[in-house]
Amino acid sequence: MSKTDLQDWLLQNSGFQTQYRHLLIDSVASQFYGLQRNSDNTKELYDWKYLLLCASLLAQSETEKCQDTALRIAQYCLECGDTSEVEKHAAAIILDTLANRPAIKLAEVRDLIKHSYFDRLPFPLYQDWVKRSIKNTIALSDDKSLEANRFQCSFWESVNTHDWISISAPTSAGKSFIIGRWLAEYLRNNPQSTVVYIVPTRALIQQVQRDIEGILKFAHVENTSVATLPLKSSLKSDKANIFIFTQERLHVLLAAFNNDISVDLLVIDEAQKIGDNYRGVLLQQAIEAVSCRNPQCRIIFASPMTENPDIMLEDAPDGYSREAIVSEDTMVNQNLIWVSQVFGRPQIWSVELILEENLVEIGRIQLPSSPSPSSKRLPFVAFSLGNPEGGNVIYVNGAADAEKRAKQLYDLIGDDSESFKDKEINDLIELIQKTIHRNYSLGYVLRRGIAFHYGNMPLLVRTEIERLFRENKIKYLVCTSTLIEGVNMPCQSIFVRGPQKGHNKPMNPSDFWNLAGRAGRWGKEFQGNVICVDAKQDNVWKKGAPKRRTKFRIYRTSDKILLQSEDLQSFIDNKTPREEARKTPNLEYVFSYLVSSYIRNSSISSANWACRFPDKLILTLDERIGEIVRKINTPKEVILRNPGISPIAMDNLLEYFNDRTVNRKESVEGLIPVPAESVEAFDEYIKILYRINRYLGNVFGQGNRVRQLALLIVDWMKGYPLARMISSREKYYGCDDLPGLIRNTMKDVEEYARFQAPKYLACYVDLLRVYLEDIERYDLVQRLQELNVLLEFGVSQATQLSLIGLGLSRSSAIAISELIANDSLNEYKCIQWLKENDWMTQDMPELIKREVSNLLNNRSSII
């Protein structure tokens with residue numbers, strides 16, 4: 001019998017199953033303070049010698065089920081109070097066999113085993129420990145070494161021998177860490193290279209920047225620029241360069257260089273987002289733009305537990321070596337739990353563990369009162385079952401829901417919380433009151449160790465919430481879908497009830513399991529819990545609550561549109577009407593992608609991806625897109641600079657410029673966007689938004705909505721603090737619904753000031769530049785501003801942009817820039833000013849002062 005057959009036989013053995021089932025229930029139930037155990041599920045006495053022997057065999061497997069079982073036995077042996085020191089040492093050896101030394105260090109920190117346990121092992125076991133140490137150690141070029149798990153070792157070997165690789169592993173496997181360490185090694189050996197690291201959301205940019213800067217500092221990799229601003233000046237010719245961008249920012253950088261920048265290494269985090277509708281199309285277009293400019297560019301794709309990571313390698317250039325790595329390595333046990341009301345007893349709820357897709361009741365909880373209306377059910381269960389010491393995340397379906405659930409928890413906890421006495425909590429409250437609003441509900445709920453978190457909140461507030469949650473100073477964190485987008489906020493338990501992503505759209509399995517991957521912090525917890533509330537109610541879980549973990553398939557949004565091409569062909573035949581583009585943006589993004597692909601490759605059939613589609617479809621696309629490209633007047637470089645906008649729409653705006661000045665004899669100066677500080681800015685931007693609505697993209701509404709967004713855009717470019725913008729709306733509209741007004745202002749900033757406005761105003765300015773050059777008004781060309789960067793960051797001065805480029809949040813950059821007389825400082829001069837004038841910032845909120853202090857500490861080598 002082979003080892004694999006023996007492992008399979010063992011998992012099916014009835015004697016092992018009986019003991020393991022009891023251990024599993026005890027292991028899960030022991031976490032929950034408020035759980036009332038069932039009489040038939042009371043704690044068992046175990047044959048640890050037998051269980052540890054079984055675990056030692058299972059730990060050698062590559063399969064998720066074997067590893068999960070071995071890990072469960074080992075971690076519960078360590079946590080269980082009735083095991084001997086010898087048995088605990090055996091459990092540690094099993095963890096070491098699993099290449100899970102962070103779990104061993106956690107046991108040492110919690111005094112579950114003595115430090116340096118391996119020194120007390122019998123010589124044969126110590127020999128094995130040494131062998132595993134060598135096997136799971138990566139040698140670095142600076143004569144140092146790195147401990148790694150099996151997946152990380154496989155990645156390291158593959159990335160050093162292949163040009164394109166695609167990796168898929170559980171969230172807890174340490175993907176980001178090992179990519180960062182390899183990146184430091186790559187830069188040590190390639191000191192003049194240019195690297196682009198793509199993250200799925202803006203919320204992740206600063207986090208990844210801090211992580212990479214920390215890794216480079218730890219690894220003593222110097223002379224490297226880590227930049228987050230998509231500017232030509234961000235590229236340093238005398239250093240290695242790392243750009244950390246979303247796909248939108250990468251397109252802005254490519255536009256700044258007119259696509260003439262060569263990237264040596266491209267890292268795509270959360271690569272499955274290539275199927276994320278129009279943003280997925282933008283991601284694919286960015287990958288192809290980089291690869292087309294430098295066919296020798298190496299690419300790393302990373303995704304969580306996908307079934308087909310090899311799909312990302314299909315478009316690699318001919319002759320390039322490629323490899324997909326799929327790992328099931330289990331570093332943390334995850335428990336799937338259903339919680340349901342007991343029939344006829346609203347306050348008594350059954351807690352059931354999903355075991356082999358079957359429900360096993362492990363106990364019951366009693367809620368503090370009847371959870372009516374239904375909005376109370378999720379927070380009441382989280383309060384009754386969660387850990388009062390922290391680590392509880394509550395997933396809700398929107399920002400308003402997040403605030404309501406936080407308020408419900410606030411009232412449940414009552415006056416017993418000590419959080420209001422914590423200085424760091426009070427520092428965050430101070431920041432919120434000064435940068436958002438004195439009556440923002442977040443400032444109140446924090447006093448009882450509760451916070452809510454959604455993507456539209458200011459960066460400095462979000463990052464401090466995440467930090468305090470990791471420190472267990474925030475006990476309950478209510479989150480929206482930002483948690484799915486890769487925000488590094490692991491926890492002990494996630495509570496969900498009928499999760500959605502988008503308005504009334506039940507969450508798909510891939511997003512659910514990506515969310516669930518946050519439960520269980522490797523090196524911080526032995527296990528994590530995904531707790532589904534009201535899981536048996538079909539009206540709550542419209543697609544049914546999950547009973548088992550499933551891998552999901554990656555698909556490209558562009559593939560889906562092209563394989564069902566009737567709607568796309570109709571959209572093109574109708575000259576890409578603006579209202580249809582607003583309702584179905586995927587069509588416009590794919591059309592723009594096809595035109596760009598034709599321009600780059602001189603035909604559709606020459607593109608690397610063309611071989612994946614039927615010849616007839618490619619021939620049709622070649623004919624139709626080719627005809628459009630030949631007829632279009634918009635310069636090709638402008639089309640490439642503005643992905644996601646129909647070239648036909650661009651032509652229409654150019655025709656409008658000509659008609660307005662030639663036929664209607666109106667002043668061409670009236671087309672130019674004025675500086676945000678100009679008295680006329682508000683009125684002029686109203687006119688520009690109407691032009692964009694009509695010709696480029698009908699996205700800014702009508703009537704008063706256009707006026708409201710024009711004012712928002714102007715104030716944002718002026719660098720007004722968010723608090724001032726909220727206060728302005730409060731005075732104008734009144735405060736019948738202050739929480740809604742605050743949320744809507746922050747949403748408008750993110751959706752319009754930082755996304756739609758940069759996208760369309762950049763295209764507007766590009767086309768206006770083309771027109772002005774055609775009529776030889778070069779004097780007016782000099783007055784055109786790069787509005788997309790000003791809007792993306794919400795600043796109007798080079799000094800403010802430099803402060804943000806250094807890593808400060810907008811809130812801090814705006815506050816500090818008010819004290820700096822010179823509005824044109826570069827990053828070096830800003831560092832100098834901060835060092836020489838630290839006394840000026842002493843009356844600022846504590847968190848702004850701390851952010852500046854951290855910046856100066858991390859950048860101490862610059863001067």
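Colleague: At what angle do H4 and helix H5 (residues 85-97) pack?

Modeller: In this predicted model, two packed helices are described by the angle between their axes and the distance between the axes. For H4 and H5 the axes lie 9 Å apart, and H4 passes H5 in a left-handed crossing. The contact is formed by Ala70, Leu71, Ala74, Cys77 and Leu78 on the H4 side and by Glu87, Lys88, Ala91, Ile94 and Leu95 on the H5 side. The packing angle is about 145 degrees.

Colleague: How many nonpolar residues are there in the contact of H4 with H5?

Modeller: The residues of this contact divide by class, with no polar residues among them and 2 that are charged. The nonpolar residues number 8.

Colleague: Are H2 and H4 oblique or roughly perpendicular to each other?

Modeller: The axes of helix H2 (residues 14-29) and helix H4 (residues 64-79) come within 10 Å and cross at roughly 60 degrees. The range that counts as roughly perpendicular is 65 to 115 degrees, and H2 passes H4 in a left-handed crossing. The two helices are therefore oblique.

Colleague: Which residues of H4 make the contact with H2?

Modeller: From H2 the contact draws on Phe16, Tyr20, Leu23, Leu24, Asp26, Ser27 and Val28. By class, the contact of H2 with H4 has 7 nonpolar, 3 polar and 3 charged residues. On the H4 side, the residues are Asp68, Thr69, Arg72, Ile73, Gln75 and Tyr76.

Colleague: How are H32 and H34 oriented to each other?

Modeller: Helix H32 (residues 798-805) and helix H34 (residues 827-836) pack with their axes 9 Å apart, at an angle of about 85 degrees. Thr799, Ser802, Leu803 and Gly805 of H32 make the contact with Glu827, Cys830 and Leu834 of H34, and by class this contact has 3 nonpolar, 3 polar and 1 charged residues. An angle of 65 to 115 degrees counts as roughly perpendicular, and H32 and H34 are therefore roughly perpendicular.

Colleague: Which strand gives the largest share of the lining of the largest cavity?

Modeller: Rolling a probe the size of a water molecule over the atoms shows where empty space is left. The count comes to 1 cavity of 30 Å³ or more, and the largest cavity has a volume of about 30 Å³. Its lining consists of Val159, His162, Asp163, Ile165, Trp182, Leu265, Arg298, Ile299 and Ile300, which by class are 6 nonpolar, 1 polar and 2 charged residues. The largest share, 3 residues, comes from strand E9 (residues 298-304).

Colleague: Where is the residue Asp143, whose phi is positive, found?

Modeller: Most residues other than glycine have a negative phi, and most peptide bonds are trans. Phi of Asp143 is near 70 degrees, a positive value in a residue other than glycine. Asp143 is found in the loop between strand E2 (137-139) and strand E3 (145-147).

Colleague: What is omega for the peptide bond from Ser372 to Pro373?

Modeller: Pro373 has its place in the loop between strand E13 (358-366) and helix H13 (377-385). The peptide bond that joins Ser372 to Pro373 is cis, with omega near 5 degrees.

Note on methods. Residues are numbered from 1 along each chain as its sequence is written. This is a predicted model: local features need pLDDT of at least 70, side-chain atom pairs count only at pLDDT 80 or more; totals for chains, interfaces and linings use all residues. Side-chain values use heavy atoms; hydrogens and water are left out. Axes are lines fitted to C-alpha atoms, for helices over the stretch in contact, and angles run from 0 to 180 degrees between N-to-C directions. Helices (H or I, at least four residues) and strands (E, at least two) are DSSP runs, numbered from the N terminus. Angles under 35 degrees count as roughly parallel, over 145 as roughly antiparallel, 65 to 115 as roughly perpendicular and the rest as oblique. A crossing is left-handed if the near helix is turned anticlockwise from the far one by less than a right angle, and right-handed if clockwise. Contact means heavy atoms within 4.5 Å. Ala, Val, Leu, Ile, Met, Phe, Trp, Tyr, Cys and Pro count as nonpolar, Asp, Glu, Lys and Arg as charged, and the others, Gly among them, as polar. On a 1 Å grid over the protein atoms alone, a cavity is a set of points where a 1.4 Å probe fits but cannot get out, and a pocket is an open set with protein on both sides within 12 Å along at least five of seven lines; lining residues have an atom within 4 Å of a point. Grid points are joined across faces, edges and corners, and a volume is the space filled by probe spheres set on the points.
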